[in-house]
Amino acid sequence: MKEDENKELEQLIGKAMKNMPLETPSFDFTSRVMAQAAITPKKAIPAYKPILPKSFWLVSAIIIIGLISYVYFSGTPEENVSVSYGVNLEQAYNSKISHITNQINFSKTTMYATVALLLAMLIQIPLIRNHFQGK
């Protein structure tokens, strides 16, 4: 059924096209199109710009090497560092929560890792924000 409809449509289109005059472009059509193509500005490809510059990686490497060497060459290692160093929270607030926080001890490695993670986040957030706002 659809084939018959398609044949009828093709015959109708063929008859309509026979009655239509053949249109040709003007004599200077190609030169006008090429002139317009030459006028349109070409997109400039932006140069690759890394999010973190080489100086940042250099400073980060120096800081990490310095921290590692400090830990390695420092005196006798302490196993635990108390969170409430120098402050007795139990006397100040006299609550169960302050008593629990006085008993929490973190290893020196955990404290260094926490500080390094915090510094990395504090450095990366402004750099990434400035990179994406600059565009």
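**A histidine and its surroundings**

Mentor: His 131 is found in helix α6, residues 108-133. Helices here are DSSP runs of H or I with at least four residues, strands are E runs of at least two, and both are numbered from the N terminus. This is a predicted model: local features need pLDDT of at least 70, side-chain atom pairs count only at pLDDT 80 or more, and totals for chains, interfaces and linings use all residues. Residues are numbered from 1 along each chain as its sequence is written, and side-chain values use heavy atoms, with hydrogens and water left out.

Trainee: Is His 131 buried or exposed?
Mentor: Buried, because its relative accessible area is 15%. Buried means under 20%, exposed over 50%, and partly exposed in between, with a 1.4 Å probe and protein chains only.

Trainee: Which residues is His 131 in contact with, leaving aside neighbours within four places in sequence?
Mentor: Lys 49 and Ile 51. Contact means heavy atoms within 4.5 Å.

Trainee: New topic. Where is Asp 4?
Mentor: Asp 4 sits in helix α1, residues 2-19. Asp 4 counts as partly exposed because its relative accessibility is 48%.

Trainee: And the whole chain? How many helices and strands does it have?
Mentor: The protein chain has 6 helices and 2 strands. From the N terminus, the order is α-α-α-β-α-α-β-α.

Trainee: What share of the residues counts as buried?
Mentor: 5% of the 135 residues.

Trainee: What about contacts with a separation of 6 or more?
Mentor: Residues 24 or more positions apart account for 56% of those.
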